[in-house]
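These are my notebook entries on a single chain. I set down what I looked up, in the order in which I looked.

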Amino acid sequence: MINILWADDEIDLLKPHVLFLEEKGYHVETVNNGDDALEKVRQNHFDIVFLDEQMPGISGIETLMKVKQTHPSLPVVMITKSEEENIMDDAIGSKISDYLIKPVNPRQILLSIKKNLDSKRLMSEKTTSQYQQEFRNIGMTLGDNLSTDEWIDIYKKIVYWEIELEESKDEGMFEILKTQKQEANNLFARFVESNYTDWLNGNSNDSPLLSHQLFKEKVANEISGSKPLFMILIDNLRYDQWMMLRPIFREFFRIEKEELYYSILPTATQYSRNAIFAGLLPSEIEKMFPNLWLNDEDEGGKNLHEDKFLENQLKRLGKNIKHSYHKITNLNNGKKLADNIPNLMSNQLNVIVYNFVDMLSHARTDMEVIRELADDEAAYRSLTISWFEHSPLFDIFRQIAEKKCRVIVTTDHGTIRVTAPSKVIGDRNTNTNLRYKQGKNLSYVKKEVFEVRNPTDAFLPKQHVSSAFIFAKEDMFFAYPNNYNYYVNYYRNTFQHGGVSLEEMLIPVVSLVGK
C-alpha cells in the first residue's frame, strides 16, 4: 500500500479529498503544521508528501528543505494559494516533485501521485505494449527482400527499442528484442554475403554509401571559405552509443542531418579508416601507395599514414585548402588539442581522429576493471557517456560550438559483443583479429563465416596465391582448437570488430552546427 502524508493547516476542509484517496486504496495520514509533518517523516515511512506552503509555525518551504535534508529521494508536492514567482523558485530550488495551486481537486492529487509514483510503471507498460506491436511489424519486414536503406531503418528501430526497453526494466520483453536482434543479424549477414562484392564492383543498383566514399560525399562538399569545417572521427563509435550521446550534443549544436553509412570489410581500423581518408578501397591504396600500405603480416603500425592519404585525396578532389590533421590516442594529447582549438580557426578543414572508444573496447577485453564496468550493452553505453562528459573531447566540441562552426561527426566501424565461438585453423602468419582472418590454408566452418576466396573480388590485398579472407557473422568470434576452453572463456562477452553485423557495419555520420 502507498503511504501518503498530507500537511495543511486547513486539513479538516480537505476531508473529502482524503476519503477519495482512501477509496482508491491509498493510506493517508494528516497533520496541520510543519513541525508535526517533520515528526511524522522521522517516525514513519511515506511514499509521497503533500505540503501546504502557508502553515503556522515553520513554513512549507522550510519544512520542505528539512524533509529533503533527511529524505532527499522522498517526493514532495507543494500546494499553495500563491502564484508568486519567487515562491515557486524557492520550491523548485528545493527539489519539489510537483507544484499545485489551490483550490485543488481530488483528480489533480491523484494525477500527481501517479506522475510521481507510478510513472515508471506506466511508462514501462506503455513501452512494452508499443514494442509488442512493433515486434510484429519488424518481424514481418524481416521476411521481405530488404534494400540497403531498409536495413538501416530496421537497425534504427531495433536500437530505439533496445534503449527504451532497457529503461523500462521489462526483462521478458527485452529478451524477446534480443532474440529479434539476433534474427536480424543473421539475415543481415546473408544480405551482405549476397551483395557485398556487387556493391564494390558497381554491379548493383542498390549500393550504399561506403567507407571509401564517405569523405567525398559527406565532408568535402561541406568545405567553404566562410568558417572552418571540423571532421571528428570517434573511432569505433556504434549507433547506439551515438544515440546516448545525442542529448549532450543537442545542448550545444543543432543537428542538421543524421544518417548511417556502411563500413567496408573488414570492419577494422586498418582497412575502414584508411579507406575513409584515402578515398580508396584497400587494394587500391596498396597499389597507389606501395610504400605506405602495410598488410596484416607486415610489421609496424597499420594506420600511421592517414594524414598523407587525406592530403592526397584533397588534391584529387581539387581542394587546395589549408587543413590540419590530429590523431588523439591518450588523455594528455587530448588536453593539448583542446588548448589549441583557437589556433585551428584559420584552417578551412580540421580533421580530428579520437581513439578513445576504440581503446575502451579493447580495454574491455584486456582489463578486469573495465570488464566489470562494461559487463553488457547497457553498461557499455553508460561507460561511453561517462567518459565523454569528462574527456577533453567534450571541451573540444564545446569550443567549436561557441564559434558556430560546422562539424561532421562520424566513425570508421562499430563493434559487437561476441558470445559464440567458431573454430578456425590457420598458419603462424594468420592475423590475430577475432572477427576476421586473412591467410592461406585457412580451415573453418563455412556456414559460420562470409568467405572471400579471391580477395581481389572485394578489393582486398592478396598476399599469396592461396590467400583468402573470412569474416565472422552475427555474434561469433574465431577461436583456435589449441587451448580452446581458455580462449573461449577469456573472449566470450567481449566487444570485438572486424566482421559482419549490424553493429559493426551500420554506423553514424552526423552533421552539426554550433548554436
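I took two strands as paired where DSSP finds at least two bridges between them. Helices (H or I, at least four residues) and strands (E, at least two) are DSSP runs, numbered from the N terminus.

The model is predicted, and I kept its limits in view: local features need pLDDT of at least 70, side-chain atom pairs count only at pLDDT 80 or more, and totals for chains, interfaces and linings use all residues. Residues are numbered from 1 along each chain as its sequence is written, and side-chain values use heavy atoms, with hydrogens and water left out.

**Entry 1. The three-stranded sheet**

I traced an open sheet of three strands, ordered S14-S12-S17, with mixed pairing. Its edges are S14 (443-444) and S17 (476-479), each of which pairs on one side only. Strand S12 (residues 420-425) runs parallel to S17, and four bridges link the two. On that side I found Pro421 opposite Phe477 of S17. Towards S14, strand S12 is antiparallel and has two bridges. There, Val424 has Tyr444 of S14 as its bridge partner.

I then looked for what covers these strands. Helix H18 (residues 484-491) lies across S12 and S17, at about 145 degrees to S17. For such angles, axes are lines fitted to C-alpha atoms, for helices over the stretch in contact (heavy atoms within 4.5 Å). The angles run from 0 to 180 degrees between N-to-C directions.

**Entry 2. Strand S6**

Is strand S6 (residues 229-234) buried or exposed? Six of the six residues of S6 are buried, so the strand is largely enclosed by the rest of the structure.

In a regular strand the side chains alternate between the two faces of the sheet. I checked the directions in S6: Leu229, Met231 and Leu233 point one way, Phe230, Ile232 and Ile234 the other way, and all are buried.

Strand S6 has parallel partners. Six bridges join S6 to S9 (residues 349-354) in the parallel sense, and Phe230 has Asn350 of S9 as its bridge partner. Five bridges connect S6 with S10 (residues 406-410), also in parallel, and here Leu233 is opposite Thr410.

**Entry 3. Helix H17 and Ile400**

I next went to Ile400, which belongs to helix H17 (residues 392-402). Ile400 has a relative accessible area of 0% and therefore counts as buried. Beyond its neighbours within four places in sequence, Ile400 contacts Phe230, Ile232, Phe253, Cys405 and Val407.

The buried residues of H17 are Pro392, Leu393, Ile396, Phe397, Gln399, Ile400 and Ala401. Just after the helix, Lys404 has a positive phi of about 60 degrees.

**Entry 4. Cavities**

How many cavities of 30 Å³ or more are there? A cavity here is a set of points, on a 1 Å grid over the protein atoms alone, where a 1.4 Å probe fits but cannot get out; lining residues have an atom within 4 Å of a point. The count is two.

The largest cavity holds about 50 Å³. Its lining includes Asn274, Trp293, Lys302, His305 and Phe309. By class, that lining has five nonpolar residues, four polar and one charged.

The second largest cavity has about 40 Å³. I listed Ile248, Phe249, Phe252, Phe253, Phe388, Phe394 and Phe397 as its lining. Helices H9 (239-250) and H17 each give two or more residues to that lining. Its residues are seven nonpolar, no polar and no charged.

**Entry 5. Asp149**

Last, I looked up Asp149 in helix H6 (residues 148-168). Asp149 is counted as exposed because its relative accessibility is 52%.

Terms used:
Buried < 20%, exposed > 50% of the residue type's maximum accessible area, 1.4 Å probe, protein only. 1 Å grid on protein atoms, 1.4 Å probe; cavity = no way out; pocket = protein on both sides within 12 Å on 5 of 7 lines; lining within 4 Å. Points joined across faces, edges and corners; volume = space filled by probe spheres on them. Nonpolar A, V, L, I, M, F, W, Y, C, P; charged D, E, K, R; others polar.
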